[in-house]
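Please examine the structure shown here, with its sequence at hand.

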Amino acid sequence: MQRIGVFVCHCGTNIAATVDVKAVAEALQHEPGVVISKEYQYMCSEAGQNLVKDAIKEYNLSGIVICSCSPRMHENTFRKAAASVGLNPYLVEVANIREQCSWIHKDMEEATEKAIILGRAAIAKVHLNAPLTAGESPVAKRALVIGGGIAGIQTALDIADAGFDVDIVEKEPTIGGKMTQIDKTFPTLDCAACILTPKMVECSQNEKIHIHSYSEVSDVKGFVGNFTVTIKKKARFVDETKCTGCGLCTEKCPQKKVPNLFNLGLDYRRAIYIPFAQAVPKVATIDADYCNMLKNGKCGVCAKVCSAGAINYEQKDEYIEQKYGAIIVATGYNPIKLDKYDEFAYSQCPDVVTSLELERLMNAAGPNGGTLLRPSDKSHPHTIVFVQCVGSRCDDSKGKPYCSKICCMYTAKHAMLIREKYPDTDVYVFYIDVRTPGKNFDEFYRRAVEQYGVHYIKGMVGKVTPKSDGKIDVQASDLLSNEQLHIDADMVVLATAIEPDKTARPLATMLTASMDTNDFFTEAHAKLRPVESPTAGIFLSGACQGPKDIPETVAQAGAAASKAIGLLCKDSITCNPCVAHSDELMCNGCSSCEKVCPYGAITYLDKEFRMPDRTTKIRRVASVNPAVCQGCGACTVACPSGAMDLNGFSNSQIMAEVDAICK
């Protein structure tokens, strides 16, 4: 005979404002098997937990139902409370009457009725609950950081400082990410390279950090604490162990007209190249799309001049398999493409550039050696117009609905730097709103206006038109004065929206991690677990989770590292006992469950069965590895014969809940 206790939470007014909590407790008191039903203002508080503990001991309860907020919030809290007084924690059920009831209803009578139904369903499930015992799984003492920008670098350094091995996988030939392309950083106007380069060097010299540059993750299997990752090291046709980074090959290569992607195509490089002077690792890479030797077997100059013998035209892609306890995603961002924004003449006029292209034009290591010149004729620009929110905060299919967060500040930075170095240049900034949410950010923006004389105009640029005399006609509106403006500009700079790197979506599929509609990784909880993915063991660092500036990125990188370290410090972790199992007598060996399992937990065995006529028959049946299974339930849905079931969420329990709701 079941002895069930029901406890209904007010959650302050979160629940009680819409649900008659007392009526819910009284109604559930009369459900079969319920021996006590109480309501309390804050069930998750110490007093509320003590109420549950005392009731378990006093009434000898065999099951608990907590009607409160989402089980994501406090299921573990109540399980621990039950376990502390001897009740199996998996005999505790949470009925979500906050997110699924009080928060989505306005009518109290309707919400109260629904809360009673949800409580009734939870009671029906508890009747069929069985005690479960959680096993343990060892933790691999190694972390993987996917992405080698400032977020990935900081995360790796923090994990290595804690004494754990960490691998960085970076798709480019060098670590550093977007920060390597930036000239100065706001709000201090520090040299970006001066801040970043020591971090890059520290990474390369740390014996705990292993850099896999020019590489990508090709496969991920396993679960928290025991991920098996396959890393594809792309052939760079240069032996990393032999290359000294002398650069002689990059000087002698006859193929000179290769677009320099590091400078965003604003100048050219050779077919064999080192991206920039401070690259880590400082190893040359051959671009197979332009190398004459790789394309038609004619050249070989780089091999002839390389005294270290590092050039290897026969090099192939290499695959490395490694086990990791934790994975940190730091895949970063990219500016959006502007092919849908013909009104700004970006594809028609070389003097219309993006903000990141302006960074390279102003950088001492850029195509002009630090002198700001117009790309078209290399003349000095005297009038520059900045256009804010290009592709950000859009309500159409062209751009992004969100604010890209960094644009207002880097535009103010660009305007200040230009006015400081070239006082004869007029700078106009057209904006929707100026957003400066960081520490000292508003002061920084006001300096641009008050100290440097930048013309900020609240309004939208409607059209940008190249003129025959080399000028650019910028047609815009001034919303404050209600005037239409025409400005003859020498350059136009577009503050483009940023979006997640294109590798993020396929990577999320491999990691079974959640993403939002904009392809940013979704955190487990926006406030309480902001650097954790809903998938256990996967952590988020930097702009892969949402737009952010460098200080915020570094802060989140440290937070992600601390969470990963907390996991890696454990010798073993408690496994989820709510795993799938197969009824071998019902299994027909169709492989449907194996195909949908995202964790590779299901294999097939040939087993011998004794038939009613005493003969034996070999049948192919599914077998679940409980150490790998994460209890997602995909196999139970896919199984056509109903042989797959899930501990804690069995088919009979689910149907009992449905019956309780429908009665």
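Which residues of the largest nonpolar core touch the most other members? The model is a predicted one, and in it this core has 78 residues. Ile159, Val238, Ile272, Ile286, Ile602 and Met644 are those that touch the most other members. Helix H5, which spans residues 150–161, contributes the largest share of the core, with seven residues. Another core, of 38 residues, lies apart from this one and includes Phe7, Ile36, Cys67 and Ile97. As a general background, nonpolar side chains in soluble globular proteins tend to be buried together.

Met644 deserves a separate look. When residues up to four places away in sequence are not counted, Met644 touches Ala580, His581, Ser582, Cys593, Ile602, Ala622, Val624, Cys635, Thr636, Cys639 and Asn651. One of these, Ile602, is also among the core residues that touch the most other members.

Consider next Thr496, which belongs to strand S27, residues 491–496. Is Thr496 buried or exposed? The relative accessible area of Thr496 is 3%, and because buried means under 20%, Thr496 is classed as buried. Leaving aside neighbours within four places in sequence, Thr496 is in contact with Pro335, Ile336, Leu338, Thr354, Val390, Cys407 and Tyr410.

The discussion now turns to helices. In helix H1, residues 21–28, the residues Val21, Val24, Ala25 and Leu28 are buried. Around the axis they cover an arc of only 95 degrees, and they therefore lie on the same side of H1. The buried residues of H1 pack against strand S1 (4–9), strand S2 (34–40), strand S3 (63–68) and helix H4 (108–128).

Helix H12, residues 441–450, has Phe441, Phe444, Tyr445 and Ala448 buried. Seen down the axis of H12, its buried residues fall within an arc of 95 degrees, so they line one face of the helix. Their packing partners are helix H11 (407–421) and strand S23 (455–458).

A final topic is how one helix meets another. Two packed helices are described by the angle between their axes and the distance between the axes. For helix H2 (residues 46–59) and helix H3 (residues 71–84), the axes come within 9 Å and cross at roughly 40 degrees. This crossing of H2 and H3 is right-handed. On the H2 side, Gln49, Lys53 and Ile56 take part, and they meet Thr77, Ala81, Ala82 and Ser84 in H3. Sorted by class, the contact of H2 with H3 has three nonpolar residues, three polar residues and one charged residue.

Definitions and conventions:
Residues are numbered from 1 along each chain as its sequence is written. This is a predicted model: local features need pLDDT of at least 70, side-chain atom pairs count only at pLDDT 80 or more; totals for chains, interfaces and linings use all residues. Side-chain values use heavy atoms; hydrogens and water are left out. A nonpolar core is a set of buried Ala, Val, Leu, Ile, Met, Phe, Trp, Tyr and Cys residues joined through side-chain atoms within 4.5 Å. Buried means under 20% relative accessible area, exposed over 50%, partly exposed in between (1.4 Å probe, protein chains only). Helices (H or I, at least four residues) and strands (E, at least two) are DSSP runs, numbered from the N terminus. Contact means heavy atoms within 4.5 Å. The arc is that of the directions from the helix axis to the C-beta atoms. Axes are lines fitted to C-alpha atoms, for helices over the stretch in contact, and angles run from 0 to 180 degrees between N-to-C directions. A crossing is left-handed if the near helix is turned anticlockwise from the far one by less than a right angle, and right-handed if clockwise. Ala, Val, Leu, Ile, Met, Phe, Trp, Tyr, Cys and Pro count as nonpolar, Asp, Glu, Lys and Arg as charged, and the others, Gly among them, as polar.
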